[in-house]
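Please keep the sequence and the structure in view while reading.

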Amino acid sequence: MLKHLFTWILFICIMPCAYAAGQAKQDKIYLKSGAILEGKVIGQEAGKTVTFETLDGKTHIVDVGDIKRTVRHAADRVTIKPEKIYLKSGEVLEGVITGQEAGKTVTMETLGGETRVIDIADIDRVARHVEKNYKGMGPKRGYHAFAEFSTVVDPGAYGAGTEPRIVLRTTHGYQLNHWLFAGAGLGLQYYYTGYKWSSDPFVIVPLYADLRFTPLNHKFTPVVDFKGGYAVGKYHGYYIHPSAGCRLAINNNVGVTISVGYIFQSIDNDKIQYRGLMVDPKRHDWLKTKLDGLSISIGVDF
């Protein structure tokens with residue numbers, strides 16, 4: 001009986017302390033509208049915006065002009081890259097800014113553990129440590145377009161041999177969420193050295209549907225892409241192009257992707273010239289040609 005009573009007393013004593021400790025660890029932003037955001041400051045652009053992650057996991061980018069004051073958790077003190085306040089008197093304070101009242105004061109906890117409330121009029125400039133936040137930089141929902149350039153080499157014994165060719169593609173469609181894009185496009189494949197049975201340069205135009213997967217909503221994400229359709233032009237045939245690579249977000253609207261893939265490209269000719277004679281390749285399997293090739297691509301999405 002005494003053992004159980006002691007356990008309950010200990011539980012009742014500890015829980016409020018744990019709750020209070022958890023609450024004390026939250027940063028707070030008091031907005032001029034009266035709203036209060038609780039969570040953690042994860043980034044900021046000096047004098048412009050503050051990036052804040054609330055307790056429910058959502059990320060908010062708050063304009064500095066909308067902020068009345070902020071209260072930072074003291075444990076956020078930066079010891080490797082401290083924030084600095086340069087006073088007009090020549091004094092330099094190092095530590096972490098734990099709060100501010102817009103247009104009036106700034107509160108700093110110095111590296112020595114001292115809390116200073118500084119009048120804005122006494123401050124010459126402030127150098128704040130900005131955390132880099134790469135979350136949420138994946139493709140945004142909505143219309144997207146892609147422009148790609150590829151060089152293609154056939155590593156096998158058929159088709160264009162080891163002679164390279166160049167490919168330009170443009171794709172347009174809809175980003176359903178950060179990880180799935182669906183669209184369609186067309187390409188321009190220029191075979192400037194011809195192919196197995198002809199040295200004359202030629203162009204074919206693949207028309208295709210496109211599915212693109214970007215699993216991470218981050219500045220860097222793997223990319224898996226699948227294009228499938230039909231090519232038209234001097235020669236025609238099916239066109240399939242799977243590829244994989246990595247996307248680098250330049251900003252919230254533009255990304256660059258480098259990828260490696262393989263193009264499966266058939267051509268259906270009625271006749272080809274072989275040793276001065278026009279021959280039907282459908283009657284001679286060894287004359288059938290594919291323009292398959294290993295592709296290396298760089299593309300921009302916007």
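Glu 83 has Gly 95 in β7 as its bridge partner. The model discussed here is predicted.

- Strand β7, residues 92-101, pairs with β6 in the antiparallel sense through 4 bridges.
- The hairpin of β6 and β7 has 4 residues between the strands, and Gly 90 in this hairpin adopts a positive phi near 105 degrees.
- Strand β10, residues 123-127, also pairs with β6 in the antiparallel sense, over 4 bridges.
- In β10, Arg 125 stands opposite Tyr 86.

**The barrel**

- Eight strands form a closed barrel with antiparallel pairing, in the order β11-β12-β13-β14-β15-β16-β17-β20.
- On average, neighbouring strands of this sheet are turned by 25 degrees against each other, direction ignored.
- Strands β17 (residues 255-265) and β20 (residues 293-301) run antiparallel and are joined by 9 bridges.
- Within this pairing, Gly 293 in β20 is the bridge partner of Ile 263.

**A network of charged residues**

- The structure holds 7 salt bridges.
- Side chains of opposite charge can pair when their charged atoms come close.
- A network of salt bridges links Glu 148, Arg 169, Asp 210, Asp 225 and Lys 227.
- Arg 169 and Glu 148 form a salt bridge in which the closest N and O atoms are 3.5 Å apart.
- This pair links distant parts of the chain, with Arg 169 in strand β12 and Glu 148 in strand β11, 21 residues apart.
- Glu 148 also meets Lys 227 in a salt bridge (3.3 Å, N to O).
- Here Glu 148 in β11 and Lys 227 in β15 are 79 residues apart.
- Lys 227 forms a further salt bridge with Asp 210, with the closest N and O atoms 3.9 Å apart.
- Because Lys 227 lies in β15 and Asp 210 in β14, this pair ties together parts that are 17 residues apart in sequence.

**Burial and surroundings**

- Lys 227 counts as buried because its relative accessible area is 1%, under the 20% limit.
- Asp 225, found in strand β15, is likewise buried, at 4% relative accessibility.
- The side chains of Asp 225 and Lys 227 make a polar contact (2.8 Å).
- Leaving aside neighbours within four places in sequence, the contacts of Asp 225 include Asp 210, Arg 212 and His 241.

Methods:
Residues are numbered from 1 along each chain as its sequence is written. This is a predicted model: local features need pLDDT of at least 70, side-chain atom pairs count only at pLDDT 80 or more; totals for chains, interfaces and linings use all residues. Side-chain values use heavy atoms; hydrogens and water are left out. Two strands pair if DSSP finds at least two bridges between them. Helices (H or I, at least four residues) and strands (E, at least two) are DSSP runs, numbered from the N terminus. Axes are lines fitted to C-alpha atoms, for helices over the stretch in contact, and angles run from 0 to 180 degrees between N-to-C directions. Buried means under 20% relative accessible area, exposed over 50%, partly exposed in between (1.4 Å probe, protein chains only). A polar contact is a pair of N or O atoms within 3.5 Å; within protein, one must be able to donate a hydrogen and the other to accept it, and residues adjacent in sequence count only if both atoms are side-chain atoms. Contact means heavy atoms within 4.5 Å. A salt bridge is a side-chain nitrogen of Lys or Arg within 4 Å of a carboxyl oxygen of Asp or Glu.
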